[in-house]
Amino acid sequence: MQTISLQAARRTALAAQGFADARPAAPPTRRHLAKVLSRVQLLQLDSVNVAVRAHYMPVFSRLGAYDQALVDDAAWADTARRPRMLVESWAHEASLLPVEDWPLLRSGAKRDGWWRNYTRVVETVPGLIDDVLAIVKEHGPIGAGAIEKVLEAEVAGRGPGAWWERSVVKKACEYLFGLGRLSTGTRRSFERLYDLTERVVPPAILSRQMSAEEGARGLIDRSARALGVATETDLRDYYRLGPDVARQAVAELVEAGTLEPVQVRDWRGIAYRHTAARTPRAVTGRALLCPFDPLIWERARTERLFGFRYRIEIYVPEPKRLYGYYVFPFLLDGSLVARVDLKSDRAAGVLRVQGSFAEEGADVPRVAAELAAELAHMAEWLGLAGVAVGPRGDLAGPLARAVR
């Protein structure tokens, strides 16, 4: 078994995620988006919008400024001329992923999600599932609130305390979404508008059947392509597979020659490198990473790869936060060298740096200069007039001077 250095593992992981690719000189196109997706495999969705929606930021981190309509059209605009590229499903979490991967998610390889807890709830209302499906068929794409209003009109006269007042409709929609019977037809102000899956996923893809074992191999293969080199736990986490299913798929892919067992120095246990992975001699460039970027979303792996301890502090009471509410690590030449707590202040027209912190041993003048340039680039992309640096953090002074 080959032993590789931690530095080589890091460069392999960065290349797999697309950070060894140069940003395009011309405005990015759908072809550039497809290349990013071939690296990361999926984009996580999240409702937090303090700086920018989570699914837009990983594309910016890899391509630089681009038109967010590229992602919107790929995910939620379906025309004969430009067919849908992405579909929503529970993958890592709620995610956008290539529509071709839909059969992998529906193969039975993944464990049932939290939405299974709604089974008993929806079963307490006879006919609810059929009613919701019928309304979506007639009116879709449609939001859960609009479905409630249609149902309310249909059962008017039953009296107060009817079931729709207890958000059962929303739970029924999420239950059907989890089962794959409903999908997201489009979004309006980020509200999910449900549609029948057969009107979202092309028939040739929807009809493709595969076993759970085949699906697991496909998902682990994509995990390994996205991660480059990873432990079995890392591979399992990318699509949130169960341990037994993941271990079997890893073993089968090793036997098939798709994965190669390796030992990474300073890592416990065996790691696996995808045979398509490459290890560049160096990784240069810079990027701000949102908390849901696939390079860093698995916090234990981030610490193992970069020596960078990172936690999202949204749910931590403000007095107990170490770094801030919505913190972006800063990647520079293959290392995580700083972190900034960011907020898009639309009223003032600025990207606010509410806290900025350098990692131990960082070249502070260079980090401040590169970070200031990347923050200015991000602000321009978001349509903001500039960057405002607050006083919190040991990097605040140098960064404020670099921004000025």
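Let's start at a turn: in the hairpin of strands E8 and E9, with 6 residues between the strands, Asp266 has a positive phi near 80°. Strands here are DSSP runs (E, at least two residues), helices are H or I runs of at least four, and both are numbered from the N terminus. Keep in mind that this is a predicted model, where local features need pLDDT of at least 70, side-chain atom pairs count only at pLDDT 80 or more, and totals for chains, interfaces and linings use all residues. Residues are numbered from 1 along each chain as its sequence is written, and side-chain values use heavy atoms, leaving out hydrogens and water.

Strand E9 has two antiparallel partners, listed below (strands pair if DSSP finds at least two bridges between them).

| Pair | Bridges | Partner of Ala271 |
|---|---|---|
| E8 (residues 259–264) and E9 | 4 bridges | Val262 |

In E9 (residues 271–274), Ala271 and Arg273 point one way and Tyr272 and His274 the other, yet all are buried. Buried means under 20% relative accessible area, exposed over 50%, and partly exposed in between (1.4 Å probe, protein chains only).

Now for the core. A nonpolar core is a set of buried Ala, Val, Leu, Ile, Met, Phe, Trp, Tyr and Cys residues joined through side-chain atoms within 4.5 Å. The largest one has 110 residues, and Val132, Phe328 and Met378 have the most contacts inside it. Helix H15 (residues 364–381) gives the most to this core, with 8 residues. A second, separate core has 24 residues, including Ile296 and Tyr310.
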